[in-house]
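Work through the exercises below with the sequence and the structure open. Try each task before you read its solution.

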Amino acid sequence: MPAETSQTLDRGLLVLETLAGSAGGLTVTELAAKLGVNRTVVYRLVATLEQHTLVRRDARGRLHVGLGVLHLASAVQPVLRDLAGPVLRRLAETVGCTAHLTVAEGAEALAVAVVEPSWTDFHVGYRVGTRHPLAQGAAGRAVLLARRGRAGAAYSVTEGELQTGARGLAAPVRDVDGLEASVGIVTLGSLDERAVSQAVIAAADEVAALLSGREG
C-alpha cells in the first residue's frame with residue numbers, strides 16, 4: 001500500500017524545483033501553467049514560501065528561489081562532509097594527494113570537504129569553502145561532464161588552471177538526486193593519471209552510493 005503523502009507539500013516542493021530551473025524567474029501565471037495547477041493554488045503556495053524566504057519576487061514581480069534556500073543548503077554541507085570524509089581520507093592516503101568533494105552552486109564549484117594526506121613530504125593546501133567557476137579546474141569540469149552526459153568521459157584532468165603548477169583530476173558523483181558534485185584530487189607533483197583516475201572514479205562512485213543509500 002503506497003505511503004500517504006501531502007499534496008500541498010508536494011506542490012510546494014515542485015514550485016521550488018520549477019523556479020530553481022528557471023533562470024529568469026516566472027510569473028504566477030507561468031508557474032501555474034508549468035505545474036498544471038490553478039493560479040489561486042499557486043498564489044497560496046507562493047505566499048507561504050515567501051513567508052519562509054524560500055521564494056522572492058523581483059522588481060518586475062517575477063518569482064525566484066529565495067535566500068532561505070541557502071540556509072537549508074548550508075545545513076546539508078556537514079552531512080556531506082560526514083559521509084564523504086572516510087572515502088576522501090582513503091583516497092588521499094592511497095594516492096598521496098589532497099582529496100576533495102566539490103558541489104555545484106549556481107555557476108560555481110564549491111569545495112565542501114577536503115582531506116590532506118598524512119604521509120607526504122608536501123601537498124597542496126586546499127580549503128573548504130574555496131570557490132571557482134565550473135568551467136575552470138578539474139572539479140568543476142567533472143560536474144559539467146555529468147551535466148552534459150558526455151559518453152566516454154569518465155573524469156576530467158587539468159593543469160595550472162587554478163594554481164600555477166597544480167594538477168587536478170576529478171570524477172563526477174553520478175545519480176544522486178538533487179546533487180551535482182565531484183570527487184577529485186590536486187597535487188603539485190607528477191601524476192600517474194591511469195592509477196589515480198581509477199582511484200578517484202572508485203571514490204566518486206562510493207560517495208554516490210553513500211549519498212543515495214545504495215551502499216552495501
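**Exercise 1. Is Ser-22 buried or exposed, and what does its side chain reach?**

Start with accessibility. Ser-22 has a relative accessibility of 14%. The cut-off for buried is under 20%, so Ser-22 counts as buried. Keep in mind that this is a predicted model.

Ser-22 sits in the loop between α1 (7-20) and α2 (28-35).

Then look at the side chain. The side chain of Ser-22 reaches the backbone oxygen of Thr-18 at 2.9 Å.

His-64 is 42 residues from Ser-22 in sequence. In space, their C-alpha atoms are 7.9 Å apart.

**Exercise 2. Classify the packing of α2 against α3, and list the residues that meet.**

Take the geometry. The axes of α2 and helix α3 (residues 39-51) are 9 Å apart. The packing angle is about 110 degrees.

Apply the cut-off. Angles of 65 to 115 degrees count as roughly perpendicular. Therefore α2 and α3 are roughly perpendicular to each other.

Now list the residues. α2 brings Val-28, Thr-29, Leu-31 and Ala-32. α3 meets them with Arg-39, Val-42, Tyr-43 and Val-46. Sorted by class, the contact of α2 with α3 has six nonpolar, one polar and one charged residues.

**Exercise 3. What is the relative direction of α4 and α6, and which residues make the contact?**

Begin with the axes. Helix α4 (residues 68-95) and helix α6 (residues 193-212) have axes that come within 10 Å. These axes cross at roughly 165 degrees.

Compare with the limit. Angles over 145 degrees count as roughly antiparallel, so α4 is roughly antiparallel to α6. The crossing of the two helices, α4 and α6, is right-handed.

Read off the contact. From α4 come Leu-80, Leu-83, Ala-84, Val-87, Arg-90, Leu-91 and Val-95. From α6 come Val-196, Ala-199, Val-200, Ala-203, Glu-206, Val-207, Leu-210 and Leu-211. By class, the contact of α4 with α6 has 13 nonpolar, no polar and two charged residues.

**Exercise 4. Is Arg-194 buried or exposed?**

Locate the residue. Arg-194 lies in helix α6. Its relative accessible area is 68%. The cut-off for exposed is over 50%, so Arg-194 is exposed.

Thr-164 is 30 residues from Arg-194 along the chain, and their C-alpha atoms are separated by 22 Å.

**Exercise 5. Where do Thr-53 and Asp-175 lie, and what is the phi of each?**

Take Thr-53. This residue lies in the loop between α3 and β1 (55-57). Phi of Thr-53 is near 55 degrees, a positive value in a residue other than glycine. Thr-53 is partly exposed, at 44% relative accessibility.

Take Asp-175. This residue is found in the loop between β7 (167-173) and β8 (181-187). Phi of Asp-175 is near 60 degrees, again positive in a residue other than glycine. Asp-175 is exposed, with a relative accessible area of 68%.

**Exercise 6. How many helices and strands does the protein have, and in what order do the elements run?**

Count the elements. The protein has six helices and eight strands.

Write the order. From the N terminus the elements run α-α-α-β-β-α-β-β-β-α-β-β-β-α.

Finish with the whole chain. Of the 216 residues, 42% count as buried. The C-alpha atoms fill a box of roughly 65 × 45 × 30 Å along the principal axes.

Note on methods:
Residues are numbered from 1 along each chain as its sequence is written. This is a predicted model: local features need pLDDT of at least 70, side-chain atom pairs count only at pLDDT 80 or more; totals for chains, interfaces and linings use all residues. Side-chain values use heavy atoms; hydrogens and water are left out. Axes are lines fitted to C-alpha atoms, for helices over the stretch in contact, and angles run from 0 to 180 degrees between N-to-C directions. Helices (H or I, at least four residues) and strands (E, at least two) are DSSP runs, numbered from the N terminus. Angles under 35 degrees count as roughly parallel, over 145 as roughly antiparallel, 65 to 115 as roughly perpendicular and the rest as oblique. A crossing is left-handed if the near helix is turned anticlockwise from the far one by less than a right angle, and right-handed if clockwise. Contact means heavy atoms within 4.5 Å. Ala, Val, Leu, Ile, Met, Phe, Trp, Tyr, Cys and Pro count as nonpolar, Asp, Glu, Lys and Arg as charged, and the others, Gly among them, as polar. Buried means under 20% relative accessible area, exposed over 50%, partly exposed in between (1.4 Å probe, protein chains only). A polar contact is a pair of N or O atoms within 3.5 Å; within protein, one must be able to donate a hydrogen and the other to accept it, and residues adjacent in sequence count only if both atoms are side-chain atoms.
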